[in-house]
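Me: Can you walk me through this one? I'm still new to reading structures.

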Amino acid sequence: RAIRHASASACSLLAGLTDGDLLRGNRASAVQEIFEVTDIIDAALDLLKPLADEKDIRITLHHEDGLKATGDAQMIEAVMRNLIGNAIKFTLHGGTITVAARQTGDEVTVQVTDDGVGMTPDQTEAGMSGRKIMSLRGTEGERGSGTGLALCHKLLTENNGRLKLLSTSGHGTEASIMLPSGDRGQSSAGT
């Protein structure tokens, strides 16, 4: 148990440092490329799985094969880490999280849905508008900065994307990101 806790803490610290650099602008502007959406989701899940395991949270993934989006892959991975990390932080021990990705017209939608504690209407509105939310502790005392959703909003805006939050206090949250599709007759990046 101590090793799992140390691993989870290290993962959380690493993700926070990387995302903090992006929020402070310690990175050049967005590099638009076509990327596999499942690669981004898998990278975020690989990093955050120890945190979910620590709370016995089951994460399921549903996606269409070969789904591609356009944007800065590193920035979108930071968004995914934040949304999945929030879902883990605010889901009770033994809860569930679902990550679903699908093509919706000329956009790709990725949804992170949890059965956690949810958000108030004020928190939901602040998150979608890019304002900082008062930092709250997670269901097991996990710390946060209150800037995560503001970071997501900023990074998605830089990538022609959008954030949508549906939440009810006490009943969980559905966080969705919409990105331009990478399937517009273009070849994948690097080819």
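Reply: Quick term first: helices (H or I, at least four residues) and strands (E, at least two) are DSSP runs, numbered from the N terminus. This is a predicted model, where local features need pLDDT of at least 70, side-chain atom pairs count only at pLDDT 80 or more, and totals for chains, interfaces and linings use all residues. Residues are numbered from 1 along each chain as its sequence is written, and side-chain values use heavy atoms, with hydrogens and water left out.

Me: OK, what's the angle between H2 and H3?

Reply: H2 (residues 37-54) packs against H3 (residues 73-89) at about 30°, and their axes are 9 Å apart. Axes are lines fitted to C-alpha atoms, for helices over the stretch in contact, and angles run from 0 to 180 degrees between N-to-C directions.

Me: New topic: in what order do the strands of the open sheet come?

Reply: Five strands line up as S2-S4-S5-S7-S6, with mixed pairing. Strands pair if DSSP finds at least two bridges between them.

Me: Why is one side of S2 left without a neighbour in the sheet?

Reply: S2 (58-63) stands at an edge with a single partner strand, so one side has no neighbour in the sheet, and S6 (162-167) is an edge strand too. The twist averages 15° from one strand to the next.

Me: How many bridges join S5 to S7?

Reply: Eight, and S5 (residues 107-114) and S7 (residues 173-180) run antiparallel.

Me: What lies across S6 and S7?

Reply: Helix H5 (residues 148-158) does, running at about 145° to S6.

Me: Last one: which residues line the largest cavity?

Reply: Phe35, Val37, Ile40, Ile41, Ile76, Met80, Val110 and Leu179 line the largest cavity. H2 gives the most to this lining, with three residues, and H2 and H3 each supply at least two. The lining has eight nonpolar residues, no polar and no charged. Here a cavity is a set of points, on a 1 Å grid over the protein atoms alone, where a 1.4 Å probe fits but cannot get out; lining residues have an atom within 4 Å of a point.

Terms used. 1 Å grid on protein atoms, 1.4 Å probe; cavity = no way out; pocket = protein on both sides within 12 Å on 5 of 7 lines; lining within 4 Å. Nonpolar A, V, L, I, M, F, W, Y, C, P; charged D, E, K, R; others polar. Contact = heavy atoms within 4.5 Å.
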